[in-house]
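Here is a brief report on selected local features of one structure. Start with the model itself.

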Amino acid sequence: MCKSALHPLICALPKVEQHIHLEGALEPDLLFSLAAKHGIKLLADDAAFTSEQALRDRYLRFTSLDDFLGYYYIGMSVLRESVDFCELAWRYFQRAAKDGVRHAEVFFDPQAHLSRGIDYNTMLQGFVDAKKRAEDELHMSVNIIACFLRHLPVADSLAVFDNADVQASFRDGRVVGIGLDSSENDFPPVMFKEIYDKARDLNVRRTAHAGEEGPAQNIASALDNLGCQRIDHGLRLAEDPVLMKRVADEGFLLTLCPVSNILLRCVPSMKEVPIRKFLDAGVKFSLNSDDPAYFGAYILDTYCAVQEAHNLSVKDWETICTNGIQGSWCSDERKNELMGELRTVISQH
Ligand SMILES: Nc1ncnc2[nH]cnc12
Ligand SMILES: [Zn+2]
């Protein structure tokens, strides 16, 4: 809840979320209950894992992306069966729907589960079941995107990309696109060019985390070397005016995650997230939660925090939501429906 007079509008906006890691929606209560179900002992020597509260307190003290990722990979180790993946995603969809999310494009990290011996179809089936339920019961549309982990050997990502089950999931549309995530420093986008070239040949959509902790140059590289159709984060684009003009002129969408950027110390405060700068420069962006269970903020919390710091106008919100809808990887028909919902909400406020 924000104090802005626009709070009712912000609640009612039909939202799209394009940057949410399903594993990052693993709330401590589900984490502990799945650990108990599977008899998994979570790092007994880390005081953070002694209680839900201790874990939440630790999440408030992340010092960097890598510090967060340590907890993120341990947390997801409790996901073992299809029903676990389904429960995780279903909880996220229910929460997102309450916040007004009408279309979600959700990430998952296959390698983080394959490396623990979980079959690709086990994890994906759970996510697909939850997606179907969200579409049927919550009337949301959902796309699933598989991300590659840049801290692992490129050969590992290539083997996963080429795997028959993964290829089948691209062909039948259960997975519509690929992304690139995990540690950014030391792993420049160009390392993954071969995978992205293959994805382009198969008409698989392409995005990558870039310019989160790493320099703006990684954004240019994700566009030029990987043929990315949008950029996840892109926060540091603001440091390069020439590239910023190019991104604006060519209409690439950034999936900004401002609360994540603050919690992971990529930017000191919400006021310093270059929201106004991007709006003024015509850089398109959407607002997203990234890893809501770890950063204590889902999408409505994020919209409210942006409003409190930047005091946006109705027109600004219309621009942000329009760009999010138009930058989504759904059909033109679905975009038209969402645009209609947006116009109705704007006209009522
Ligand atoms: N913010 C983030 N950056 C990179 N990899 C991630 N995986 C989950 N969240 C991430
Ligand atoms: Zn992310």
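## A buried aspartate

The model is a predicted one. Asp 291 sits in the loop between β8 (284–287) and α15 (292–295). An unreviewed UniProt entry places the feature "binding site" at Asp 291. Which residues does Asp 291 contact, leaving aside neighbours within four places in sequence? They are His 21, Gly 24, Tyr 72 and Ser 260.

## Helix α5 against helix α7

Helix α5 (residues 82–98) packs on helix α7 (residues 120–137) at an angle of about 35°. Their axes are 7 Å apart. The crossing is right-handed. On the α5 side, the contact includes Phe 85, Trp 90 and Phe 93. On the α7 side, Met 123, Phe 127 and Arg 133 are among the residues met. The residues of this contact divide into 10 nonpolar, 4 polar and 3 charged.

Helix α9 spans residues 164–171.

| Side of α9 | Residues |
|---|---|
| Buried | Val 166, Ser 169, Phe 170 |
| Exposed, turned away from the buried side | Ala 164, Asp 165, Arg 171 |

Seen down the axis of α9, the buried residues fall within an arc of 105°, so they line one face of the helix. Their cover includes α7 and α8 (154–162). Just after α9, Gly 173 takes a positive phi of about 80°.

Methods:
Residues numbered from 1 in each chain as written. Chains lettered and ligands numbered in written order. Predicted model: local features only at pLDDT ≥ 70, side-chain atom pairs only at ≥ 80, totals over all residues. Axes fitted to C-alpha atoms, helices over the stretch in contact; angles between N-to-C directions. Helix = DSSP H or I, 4+ residues; strand = E, 2+ residues; numbered from the N terminus. Left-handed = near helix turned anticlockwise from the far one by under 90°. Contact = placed C-beta atoms within 7 Å. Nonpolar A, V, L, I, M, F, W, Y, C, P; charged D, E, K, R; others polar. UniProt positions renumbered as here; feature names shortened; annotations may be inferred. Buried ≥ 20, exposed ≤ 12 C-beta atoms within 10 Å, placed from the backbone. Arc of directions from axis to C-beta.
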